[in-house]
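Me: I would like to learn how to read the features of a strand arrangement carefully, one at a time. Could you take me through them with the model in view?

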Amino acid sequence: MACGATATNEPGIERFARFGYEDFRRFAIDDQISKYNKIGFPDSYRRGFEEAIFADICRKLSVLEQKEIIVLDIGPGCGDLPLMMLKHGETWQHRLVLVDSPEMLAYVPDRPFVIKVAGMYPANADAVATVAPSRVEALLRCRLG
Ligand SMILES: C[S@@+](CC[C@H](N)C(=O)[O-])C[C@H]1O[C@@H](n2cnc3c(N)ncnc32)[C@H](O)[C@@H]1O
């Protein structure tokens, strides 16, 4: 089923679905496209919806409302979600490990409790394991390219 077609003729999700890590790197530095397009979504899928998406993540991953846990997010991208993760993580005193390309990670503000591991997972799995050892309480992982 084709999905994502909108009244504004915005390209649908199918156009973005075939992209992988290297494509996302290019998108990250393309200043002609929106932050939602950079992470592979038509604007109509994300603009105005990311708070609801984040609330849904928190509902499903209830461990996110525990203090001092390690949260590993592989592929946080550059939408609103990583910023919400940051705010939430600060409140709950999480250690937040973010794994993505250097181009994407550049959009996420540096914070003392945030550890960025640049590069393509799982090629950088050893570096990830160093900062997120055995005790990871919450793992978010998008479809990896
Ligand atoms: C579809 S976007 C999702 C972004 C975010 N999780 C969200 O839902 O808003 C995919 C993200 O994963 C990253 N990514 C894709 N494959 C990856 C891989 N093998 N290793 C690390 N990051 C990857 C891309 O750079 C991009 O930022």
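Me: Which residue in E3 does Leu96 stand opposite?

Reply: Strands of a sheet pair through backbone hydrogen bonds, either parallel or antiparallel. Here Leu96 stands opposite Val114 in E3, and strand E2 (residues 95-100) pairs with E3 in the parallel sense over five bridges. Strands are DSSP runs of E of at least two residues, helices are runs of H or I of at least four, and both are numbered from the N terminus; two strands count as paired if DSSP finds at least two bridges between them. The model is a predicted one, in which local features need pLDDT of at least 70 and side-chain atom pairs count only at pLDDT 80 or more, while totals for chains, interfaces and linings use all residues. Residues are numbered from 1 along each chain as its sequence is written.

Me: What is the order of the strands in the open sheet?

Reply: The four strands follow the order E3-E2-E1-E4, with parallel pairing. Strand E3 (114-118) and strand E4 (138-141) each have a single partner strand, so one side of each is left without a neighbour in the sheet. From one strand to the next the twist averages 15°, where axes are lines fitted to C-alpha atoms, for helices over the stretch in contact, and angles run from 0 to 180 degrees between N-to-C directions.

Me: Is E1 largely enclosed or left open by the rest of the structure?

Reply: A residue is called buried if 20 or more other C-beta atoms lie within 10 Å of its own, exposed if 12 or fewer, and partly exposed in between, with C-beta atoms placed from the backbone. Four of the five residues of E1 are buried, so E1 is largely enclosed by the rest of the structure. E1 pairs with E2 in the parallel sense over five bridges, with Ile74 opposite Val99 in E2, and four bridges join E1 to E4, where the bridge partner of Asp73 is Leu140.

Me: Which residues touch the most other members of the largest nonpolar core?

Reply: A nonpolar core is a set of buried Ala, Val, Leu, Ile, Met, Phe, Trp, Tyr and Cys residues joined through C-beta atoms within 7 Å. The largest one has 24 residues, of which Leu96, Val97 and Leu98 touch the most other members, and E2 gives the most to this core, with four residues. Not counting residues up to four places away in sequence, Val97 touches, among others, Ile70, Leu72, Ile115 and Val131, contact meaning that the C-beta atoms, placed from the backbone, lie within 7 Å.

Methods: Two residues are in contact if their C-beta atoms, placed from the backbone, lie within 7 Å.
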